[in-house]
2 protein chains.
Amino acid sequence: MSVDNWKRAAAHHAAGLVKPGMVVGLGHGSTAAFAVERLAARLRQGALSDIVGVPCSTDVARAARLLGIPLTTLDEHPIVQITIDGADEVDPDMNLIKGGGGALLREKVVATASERVIIVVDGSKLSPHLGSRFALPVEVVPFACAVEARYLESLGALVVRRGGEAPFLTDGGNVILDCNFGTIESPHELAARLNARPGIVAHGLFLDLATDLIVGDDRGVRHVRRGASRTEATAQ
Amino acid sequence: MSVDNWKRAAAHHAAGLVKPGMVVGLGHGSTAAFAVERLAARLRQGALSDIVGVPCSTDVARAARLLGIPLTTLDEHPIVQITIDGADEVDPDMNLIKGGGGALLREKVVATASERVIIVVDGSKLSPHLGSRFALPVEVVPFACAVEARYLESLGALVVRRGGEAPFLTDGGNVILDCNFGTIESPHELAARLNARPGIVAHGLFLDLATDLIVGDDRGVRHVRRGASRTEATAQ
């Protein structure tokens, strides 16, 4: 079974948790995209009705619209019942690194506005410590790019501007600095430092936000709820 | 003597602290504008040379360019020797509320990158406690406007979107929520909460950033340095 099949299996399990009438946060990225497809299929089949989606990027908005999922905004629906999103790295406390797809700001806003945040990943995203497998994406306003890059280097990161000479720009018109800190010993302390920097608009540390983790791998699909240890996971 | 004259006197004193060869942060707003005019006059008179300015808004960039002050960016000069900026409210610890002019994000980035931050105000801006005279400006991404307004209300603020139905937009394309908290008892605690919200790009609490305060009022100009109590101020 391929990684794509594992992602799809996890995302389909998550889509099955969406109930009629819900406001649903739609994450950006390849795994979350499988959930969007599945939600659209359930709507078409009549297994689901009356949901509205809050898209986390212009890309996912376009895809959802093409698939026939009604969309809304946080202005219209500031409380989201359930969000399904991917992650680039997940530690045993269900803390995450996200932002590989560049939609971290909106994803974090939607996750923060959500009652339940379901993270869907293939097993390769699990990690003993954040930072050991994935560089931390940090979104900065272009005006502050050089000063924030210097600051991030002063914290010990190897900093690479995404896109190099032709910088990648986020939906908000900002730049991403991919910051390799190696293993991040104290994610909360690092997050507080980054939060305090005026030129940093968002960073990829998603701490204490995920409520559910759904992992697909060669053993099948596991669903872990926050507070339950991984060995107590509901196997499916 | 009018308020404008007091502002001008304070700003001229600050402009006199700029030395040849310095990178100078140029604040936004009516008081800082007097400093920009004075710097330009000193350049024309030959009393100053070889400075470059880092403007905190497109407005001040335009004004400085018209007046003949050479400009640069933080990418070219990530360390600023001296910044001259105004404030909307100043407490006895030299902490500030800024953002009445809407340029708070760039002003905070430039202040953070500066070795010396000189705040110029007329005496009406002095306040025993932040929040007692001025609502706190909070800059939010449009996507998160409703959820952040709800959050700010949950902290006890009366929240008004600047510009109402025709929202004011910052240089970064964001919205300003003017938040009346009344007296802010713990500015550092409030700042940490606001820093942690993903949809809040910047807020007007400038804490531990000002190194010098120059106040113009009917008693003349007083220059207070951080760490010196106000009664030890150098009168001029």
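Student: Which element gives the most to the lining of the largest pocket?

Tutor: Helix 6 of chain B gives the most, with 6 residues. Helices (H or I, at least four residues) and strands (E, at least two) are DSSP runs numbered from the N terminus. A pocket is an open set of points on a 1 Å grid over the protein atoms alone, with protein on both sides within 12 Å along at least five of seven lines; lining residues have an atom within 4 Å of a point. The model is predicted, so to speak of local features pLDDT of at least 70 is needed and side-chain atom pairs count only at pLDDT 80 or more, while totals for chains, interfaces and linings use all residues. Residues are numbered from 1 along each chain as its sequence is written, chains are lettered from A and ligands numbered from 1 in the order written, and side-chain values use heavy atoms, without hydrogens and water.

Student: How much space lies in the largest pocket, and which residues are the closest to its centre?

Tutor: A volume is the space filled by probe spheres set on the grid points, which are joined across faces, edges and corners. The largest pocket holds about 830 Å³. It is lined by 38 residues, and Asn195(A), Ala196(A), Ala192(B), Asn195(B) and Ala196(B) are the closest to its centre. In chain A and in chain B, helix 4, helix 6 (187–195) and strand 10 (200–203) each supply at least two lining residues.

Student: How does the lining of the largest pocket divide by class?

Tutor: Ala, Val, Leu, Ile, Met, Phe, Trp, Tyr, Cys and Pro count as nonpolar, Asp, Glu, Lys and Arg as charged, and the others, Gly among them, as polar. The largest pocket has 23 nonpolar, 8 polar and 7 charged lining residues.

Student: What is the volume of the second largest pocket?

Tutor: Its volume is about 460 Å³. Val141(A), Gly172(A), Asn174(A), Gly172(B) and Asn174(B) are the closest to its centre among 31 lining residues. Helix 4 of chain A and helix 4 of chain B are the elements that give two or more residues to this lining. By class, the lining has 14 nonpolar, 11 polar and 6 charged residues.

Student: Which residues line the largest cavity?

Tutor: A cavity is a set of grid points where a 1.4 Å probe fits but cannot get out. The search finds 1 cavity of 30 Å³ or more, and the largest cavity holds about 40 Å³. Its lining consists of Asp85(A), Leu96(A), Lys98(A), Glu107(A), Ala111(A), Val117(A), Ile119(A), Phe206(A), Leu209(A) and Ala210(A). The division is 7 nonpolar, no polar and 3 charged.

Student: How far apart are the closest N and O atoms of Lys98(A) and Asp85(A)?

Tutor: A salt bridge is a side-chain nitrogen of Lys or Arg within 4 Å of a carboxyl oxygen of Asp or Glu. Lys98(A) and Asp85(A) form one, with those atoms 3.0 Å apart. Lys98(A) lies in the loop between strand 5 (96–97) and helix 4 of chain A and Asp85(A) in strand 3 (residues 80–85), so the pair ties together parts 13 residues apart in sequence.
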